[in-house]
Amino acid sequence: MGLPWRIAIDGPAASGKSTLGQRLAAPPGYLYVDTGVMYRAVTWAALRRGVPIADEAALTGLAETLDLDIAPPTVQDGRLYTVRVDGEDVTWDLRRPEVDAAVSQVSAYPGVRRALTRRQRQIGLRGRVVMVGRDIGTVVLPEADLKIYLDARLETRAWRRYQELQARGADVPFEAVLETMRQRDALDQGREVAPLRPAPDAVVLDTTALDIEGVFQKVLDLIAARCRETSHVAG
Ligand code: CDP
């Protein structure tokens, strides 16, 4: 069964996008790209440099010029890639609560989106890719061969994120995780430019009651069904 060349996966926080994305991108020749990392890196750099998050022009400038490098993992600590900003390894810093709290304000700025979308499209058009984010199917790669939109109940997603944080030793109360996620969802869905929503031709999957394997199987079934349809039409 041939995997589609370009796969777009969108959805809210902790809906299962990155786990699904990595598994789909496992065959040799596929590139896995997590676009959220770029918004997080711009946010982290602003916090580090003391740039006010409300300063849209400064944030746009940062997104346009940031020295950002996303490379294969350099340390075996559970990371999927190593992210460097100005040469500094910030892979885990990007997941800090203060980045979570500010990133959706930053990602709503049209100039920030323009700059990062351009970088993402350049990468996405290079070849076989699985790209995950909020606007991949709608804006970044509207020509994707397969678009999946993952969703799940807010409480379920917050619980997944809480457990991830606990596993990394971050001591954040569940209520705080839930509240940050609620606010981030509202900002991501409500912004004017590239809001979080399924593309009209996306397949929407609710992962509330599914584990990782269950989601992966459903998507494989979907791809297999599409292959049969295409060969039926062709034959
Ligand atoms: O990992 P998680 O789902 O919590 O978030 P993420 O994918 O790392 O994205 C962090 C934030 O970046 C999101 O809440 C969005 O505000 C923004 N984002 C976006 O606007 N567009 C994308 N394509 C990816 C992320």
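Colleague: Is A54 buried or exposed?
Modeller: In this predicted model, A54 is in the loop between helix 2 and helix 3 (56-65); helices (H or I, at least four residues) and strands (E, at least two) are DSSP runs, numbered from the N terminus. With a 1.4 Å probe and protein chains only, buried means under 20% relative accessible area, exposed over 50%, and partly exposed in between. The relative accessibility of A54 is 61%, so the residue counts as exposed.

Colleague: What pLDDT do local features need in this model?
Modeller: Residues are numbered from 1 along each chain as its sequence is written, and side-chain values use heavy atoms, without hydrogens or water. In this predicted model, totals for chains, interfaces and linings use all residues, side-chain atom pairs count only at pLDDT 80 or more, and local features need pLDDT of at least 70.

Colleague: Which residues does A54 contact, leaving aside neighbours within four places in sequence?
Modeller: Contact means heavy atoms within 4.5 Å. With neighbours within four places in sequence left aside, the contacts of A54 are Q105 and Y109.

Colleague: How far apart in space are A54 and G16, C-alpha to C-alpha?
Modeller: In sequence, A54 and G16 are 38 residues apart. From C-alpha to C-alpha, their separation in space is 30 Å.

Colleague: Is L116 buried or exposed?
Modeller: L116 belongs to helix 5. Apart from neighbours within four places in sequence, L116 contacts M38, Y39, V42 and A63. Its relative accessibility is 0%, so L116 counts as buried.

Colleague: Which residues contact D135, leaving aside those within four places in sequence?
Modeller: D135 sits in the loop between strand 6 (129-133) and helix 6 (136-140). At 1% relative accessibility, D135 counts as buried. Beyond four places in sequence, its contacts are D10, R113, T117, V140 and A194.

Colleague: Why is strand 1 (residues 6-10) described as largely enclosed?
Modeller: In a regular strand, side chains alternate between the two faces of the sheet. Here R6, A8 and D10 point one way from strand 1, and I7 and I9 point the other way. Strand 1 is largely enclosed by the rest of the structure because five of its five residues are buried.

Colleague: Which residue in strand 7 (residues 146-151) is the bridge partner of I9?
Modeller: Two strands pair if DSSP finds at least two bridges between them. Strand 1 runs parallel to strand 6, with five bridges, and A8 is bridged there to M131. Strand 1 also runs parallel to strand 7, with four bridges. In strand 7, the bridge partner of I9 is I148.

Colleague: Which residues touch the most other members of the largest nonpolar core?
Modeller: A nonpolar core is a set of buried Ala, Val, Leu, Ile, Met, Phe, Trp, Tyr and Cys residues joined through side-chain atoms within 4.5 Å. Of the 54 residues in the largest one, those touching the most other members are L20, L24 and L59.

Colleague: How much space lies in the largest pocket?
Modeller: On a 1 Å grid over the protein atoms alone, a pocket is an open set of points where a 1.4 Å probe fits, with protein on both sides within 12 Å along at least five of seven lines; lining residues have an atom within 4 Å of a point. Grid points are joined across faces, edges and corners, and a volume is the space filled by probe spheres set on the points. For the largest pocket, this space is about 1,100 Å³.

Colleague: Which of the lining residues are closest to the centre of the largest pocket?
Modeller: The largest share of the lining, six residues, comes from helix 1. Of the 48 lining residues, the closest to the centre are A14, S18, R95, R161 and E164.

Colleague: How many charged residues are in the lining of the largest pocket?
Modeller: Ala, Val, Leu, Ile, Met, Phe, Trp, Tyr, Cys and Pro count as nonpolar, Asp, Glu, Lys and Arg as charged, and the others, Gly among them, as polar. The lining has 17 nonpolar and 13 polar residues. Its charged residues number 18.
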